[in-house]
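Good morning, colleagues. Please have the sequence and the coordinates open while I speak.

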Amino acid sequence: MTSYYMKRYFKNRTFYKIQSQSLIDNPDQRINDDLSAFTGTALAFSLTLLNAVVDLVSFSNILYGIYPPLFVVLIVYSLGGTAISVFLGKSLVNLNFMQEKKEADFRYGLVRVRENAESIAFYGGEENELQLLLDRFRRAYQNLSELLIASRNLEFFTNGYRYLIQILPAAVVAPMFFAGKIEFGVINQSVSAFNHILSDFSLIVFQFQSISAFSAVIDRLGEFDDLLGENGSSLSPRRDSIDGINISFKSGSPSVLSSNGSQMQSEPGIVLEICDLTLLTPRGGNILITDFNMELKDKDHLLVMGPSGCGKTSLLRALAGLWTSGTGDIIYHARDSRQLQTATLGSNEPSNIKPEGEELLQSSKQRRDNGIFFVPQRPYMVLGTLRQQLLYPTWTANIHQSPTNDAQSKAKSGGVVHS
């Protein structure tokens, strides 16, 4: 399940859209903690339910054969206990859901302090960070207090429900014993069978706290799953002739002039072409750029300037295919038609990007093959070796290895590493 959700998380740059549009909170916790809790609890509940079914089949005939009215009392008692448990614990689902969220928010704040320790130290913002973290912890603590109160009320009822089981079957069967219709051993037998069957019928009563926590996990995973779904409206912008920015690659060799065996470069060719680009913000739909047209030729140098918030970075996001809300065409002209042989099979027609699924990964590779590289505003360091950092994002299978294995392989081959 982790592999399945991770693939969907990175598919179609969903991870970027979730973060940039603040669609859900703490996707890392949902992948790591919630998936683990879901699989473990689902397995435990499955085994408990299987055991209850076997137990119910085994003891139902025994109890019904002893005294049929006792079987009716058992059903009424279990249904009443279930209804009261649901009434007392109905708030536990939402409280468990919020507890997961607030604890994840607090943990995320601690991670941010670790990742930005030097910046915080330069600013001298220790007191501010402490106040922010304590405020997040206070919200988690207040929610936990409400959760404990609701759990206490439910636990009081559950314990009373368990203790009453010990005397209820004996009280129902006792008149038959005093009337001489049954022996004393039958009472013990009926109490044992009653306890077994009632435990099977009262799974909701005995497991309500676990079920409520499990329900909160299911809600968080369900919300995450809907967001990752291919039909999610928040992540799947419309792809038709009216809405959507089209990015394409067009192959074409630069024209040259021949003279006395020498070659002379003609006028610089177009490397980037933007046609009627209208760019909108992904969620708000605010217009950033309207009917923008531009041609960038080889060896040109372009500096985009403007006040903060006018859409400079947003234009780069559109060029990289991160933002597709709007209309227009972005065409990259390859320097050498051989670079597009794999993608276009030698055709000179534009090769359109369709940022969906595996095709998006292919489009990113195609962009790199054409010498197009974007540098983000914030530097990014990979969790890996120096080699992986230098080659990112063009790793291959034989390069992706741990530092330990890499060092061992160099030692065996007698290689020397120069800095």
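Predicted model: local features only at pLDDT ≥ 70, side-chain atom pairs only at ≥ 80, totals over all residues.

Residues are numbered from 1 along each chain as its sequence is written, and side-chain values use heavy atoms, with hydrogens and water left out.

The structure contains 13 aromatic pairs. Rings of Phe, Tyr and Trp (its six-membered ring) pair if their centres lie within 6.5 Å; planes under 30 degrees apart count as stacked, over 60 as edge-to-face and the rest as tilted. One of the pairs is Tyr5 with Phe224, which is stacked, at 6.0 Å centre to centre and 15° between the planes. Tyr5 belongs to helix H1 (residues 2–10) and Phe224 to helix H10 (residues 208–228), so this pair ties together parts that are 219 residues apart in sequence. Helices here are DSSP runs (H or I, at least four residues), as are strands (E, at least two), numbered from the N terminus. Both Tyr5 and Phe224 are buried; buried means under 20% relative accessible area, exposed over 50%, and partly exposed in between (1.4 Å probe, protein chains only).

Phe10 and Phe15 make a tilted pair, with 5.2 Å between centres and 45° between planes. Phe10 is partly exposed at 44% relative accessible area, and Phe15 is partly exposed at 33%. Tyr4, Tyr5, Tyr9, Phe10, Phe15 and Phe224 form one aromatic cluster.

Now the charges. The charged end of Arg8 sits over the ring of Tyr5, 5.6 Å from its centre. Arg220 lies over the face of Phe97, 5.8 Å from the ring centre. The criterion is NZ of Lys or CZ of Arg within 6 Å of the ring centre and within 35 degrees of the ring normal.

Turning to the record, an unreviewed UniProt entry lists residues 35–54 and 66–88 under "transmembrane region". Such annotations may be inferred rather than shown by experiment. In the model, residues 35–54 are 100% helix, with end C-alpha atoms 29 Å apart. Residues 66–88 are 96% helix and 0% strand, with end C-alpha atoms 34 Å apart.

Lastly, where is Ser325 found? Ser325 is in the loop between helix H11 (312–320) and strand S6 (326–333), and is buried at 17% relative accessible area. Beyond residues up to four places away in sequence, Ser325 touches Ile245, Thr278, Leu279, Leu280, Thr281 and Pro282, where contact means heavy atoms within 4.5 Å.
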